Protein chains: 2
Amino acid sequence: MTPTAEPTLTQAVLDSFAGCPGDRLRTVMSSLVRHLHAFASEVKLSEEEWFAGIRFLTEVGQTCDDKRQEFILLSDTLGLSMLVTALNNERPPGCTEATVFGPFFVEKAPEVANGADIAQGAQGEPCYVSGHVRSLDGSPIANAQIDVWQSDEAGFYDVQYAELDQHQARARLHSRADGSFDFRSILAVPYQIPNDGPVGKMLANLARHAWRPAHLHFMIVAPGYERLITHVFRSDGPYLDSDAVFGVRPTLVADWLRHEAGVAPDGTRSDKPFYTLDYAFVLNPASPAA
Amino acid sequence: MTPTAEPTLTQAVLDSFAGCPGDRLRTVMSSLVRHLHAFASEVKLSEEEWFAGIRFLTEVGQTCDDKRQEFILLSDTLGLSMLVTALNNERPPGCTEATVFGPFFVEKAPEVANGADIAQGAQGEPCYVSGHVRSLDGSPIANAQIDVWQSDEAGFYDVQYAELDQHQARARLHSRADGSFDFRSILAVPYQIPNDGPVGKMLANLARHAWRPAHLHFMIVAPGYERLITHVFRSDGPYLDSDAVFGVRPTLVADWLRHEAGVAPDGTRSDKPFYTLDYAFVLNPASPAA
């Protein structure tokens with residue numbers, strides 16, 4: 001007979017996992033059930049609240065399609081994504097820290113050479129980005145594969161425009177022999193995460209905003225090193241203290257310098273003011289087993 | 001700046017609820033986030049496991065439609081539904097205990113008189129059910145509204161048959177002046193919960209079966225009393241110790257008696273063996289405030 005009072009009911013559920021052939025699955029599910037039941041008991045979840053939760057999760061699932069992942073957004077806005085990132089990316093001091101991946105990465109971004117304009121028509125103030133990829137001991141990492149992606153000045157990524165038939169403000173390039181790289185793009189600006197779905201309603205009910213501070217996404221891959229997925233944030237913008245997805249780390253905030261119209265870093269003449277960013281990425285050598 | 005290591009990250013998420021105007025929402029969400037983060041940290045959830053979870057929840061949401069609620073099934077199979085039922089239906093000893101509602105209730109079941117055959121063509125061995133509805137002090141409750149529903153011998157409820165244009169094995173009746181009621185139906189049998197979706201896959205991965213022990217659903221409503229949602233289970237069947245949804249309570253298990261062909265309780269002659277069930281339901285008076 002199955003007793004129903006917690007903790008006996010909880011134990012009955014844990015006992016039902018006894019035959020699970022996968023040790024890890026049993027461990028994960030047991031912890032999940034213990035915390036799920038402890039949550040419901042702690043707040044004495046009402047039947048109406050339980051059903052509101054069922055309806056909410058159903059709507060989150062039904063908002064997902066091949067262009068939108070509302071469950072990742074939910075995970076992001078509850079800090080779970082950043083927590084999982086932190087748990088799985090502990091690195092020695094001096095290495096560039098990781099942050100959330102986000103939903104707007106694309107597998108096959110256009111390959112470009114150093115110096116290219118990756119905006120490809122995306123609207124925004126000109127921004128010249130330079131950087132280095134180094135190992136923890138300071139040695140340059142040549143030929144590192146660098147994916148970069150960002151929103152335009154309206155706050156949207158290329159993949160959010162249904163009518164767009166090419167990538168914009170997104171590219172893949174490689175570091176030179178001395179570890180350096182550079183490209184031209186547009187200035188990163190704050191934007192709101194998609195808030196027209198159930199997660200947006202949740203944020204509104206919690207009186208939370210949906211803004212992310214201005215940032216540029218990077219994914220850097222080099223043989224012999226751990227993959228780095230991170231952002232560089234603008235030090236001069238709002239929301240650094242209240243990122244809707246809790247992704248800001250102090251070490252990832254950098255100064256983006258504003259320059260009046262004149263000669264740009266690539267030697268051309270800019271008739272508008274422009275910005276520059278320079279940032280050094282430090283990769284962690286992969287463990288010998290990896 | 002938002003720190004990322006638990007517990008500082010967890011605290012940052014809790015702090016983001018500070019402006020929430022609803023005290024109860026803030027309490028529930030804070031507890032949820034604390035337990036969600038504690039779960040991920042306790043098992044050191046990997047990024048692959050996190051993404052498998054995202055995909056699973058998305059599939060659960062997308063399996064829901066107007067006839068199927070896979071998130072309720074998930075809640076049921078993790079014991080959450082029964083826990084919420086138990087948390088919200090604490091009653092004095094002597095009252096009939098509650099159990100899970102299940103997904104197969106229908107708002108407008110056919111109204112029938114006492115003695116009616118509610119099977120309406122559903123296949124199964126004949127079963128005659130009689131009962132009483134009483135208050136905690138033993139006094140009869142007249143005119144209580146009794147909803148009853150069950151599966152057929154194949155293990156399906158009427159609403160699971162897409163082609164069926166009438167209700168079967170489901171009815172609403174009322175108790176007589178002395179609190180008694182009776183109807184004819186079919187014998188309840190064990191059945192599997194829908195297991196062709198993501199929850200079925202989860203159960204298979206956990207090496208759990210999807211069976212529920214044989215039971216009859218009841219919802220009883222009477223003015224001045226707390227609503228009772230419960231089952232009566234067959235004492236002679238399998239799965240009482242391993243109900244896939246953890247709904248069995250010892251007090252809800254009753255003997256369903258088998259009789260050889262002959263005179264049935266309604267005075268007619270049954271040329272097949274038949275079953276009888278007699279069960280007394282005891283309602284809890286509603287609190288004066290209710």
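Biologist: How are residues, chains and ligands numbered or lettered here, and which pLDDT limits apply?
Modeller: Residues are numbered from 1 along each chain as its sequence is written, while chains are lettered from A and ligands numbered from 1 in the order in which they are written. Because this is a predicted model, totals for chains, interfaces and linings use all residues, whereas side-chain atom pairs count only at pLDDT 80 or more and local features need pLDDT of at least 70.

Biologist: What is the mean pLDDT of chain A?
Modeller: The pLDDT is the predictor's confidence in each residue, from 0 to 100. In chain A, 97% of the residues reach 70 or more, and the mean is 95.

Biologist: How many helices and strands does chain A have?
Modeller: Both kinds of element are DSSP runs numbered from the N terminus, with helices (H or I) needing at least four residues and strands (E) at least two. The C-alpha trace of chain A spans about 80 × 45 × 35 Å along its principal axes. Counted in this way, chain A has six helices and 13 strands.

Biologist: Is Phe274(B) buried or exposed?
Modeller: A residue is buried if 20 or more other C-beta atoms, placed from the backbone, lie within 10 Å of its own, exposed if 12 or fewer do, and partly exposed in between. Phe274(B) belongs to strand S13 (residues 274-283) of chain B. Since 22 other C-beta atoms lie within 10 Å, Phe274(B) is buried.

Biologist: Is Pro288(A) buried or exposed?
Modeller: Pro288(A) sits in the segment after strand S13 (274-283) of chain A. Because Pro288(A) has 5 C-beta neighbours inside 10 Å, this residue counts as exposed.

Biologist: Where on helix H1 of chain A do the buried residues fall?
Modeller: In H1 (residues 8-15) of chain A, the buried residues are Leu9(A), Thr10(A), Ala12(A) and Val13(A), while Thr8(A) and Asp15(A) are exposed on the other side. The arc is that of the directions from the helix axis to the C-beta atoms. Seen down the axis of H1(A), the buried residues fall within an arc of 155 degrees, so they line one face of the helix.

Biologist: How are helices H4 and H6 of chain A oriented towards each other?
Modeller: Axes are lines fitted to C-alpha atoms, for helices over the stretch in contact, and angles run from 0 to 180 degrees between N-to-C directions. H4 (residues 70-77) and H6 (residues 198-205) of chain A pack at an angle of about 25 degrees, with their axes 9 Å apart. Angles under 35 degrees count as roughly parallel, over 145 as roughly antiparallel, 65 to 115 as roughly perpendicular and the rest as oblique. The packing angle therefore makes H4(A) and H6(A) roughly parallel.

Biologist: Which helix gives the largest share of the side of chain B that touches chain A?
Modeller: Two residues are in contact if their C-beta atoms, placed from the backbone, lie within 7 Å, and 66 residues of chain B are in contact with 66 residues of chain A. The elements giving two or more residues to this side of chain B include helix H1 (8-15), helix H2 (23-42) and helix H3 (47-63). The largest share, 15 residues, comes from H2(B).
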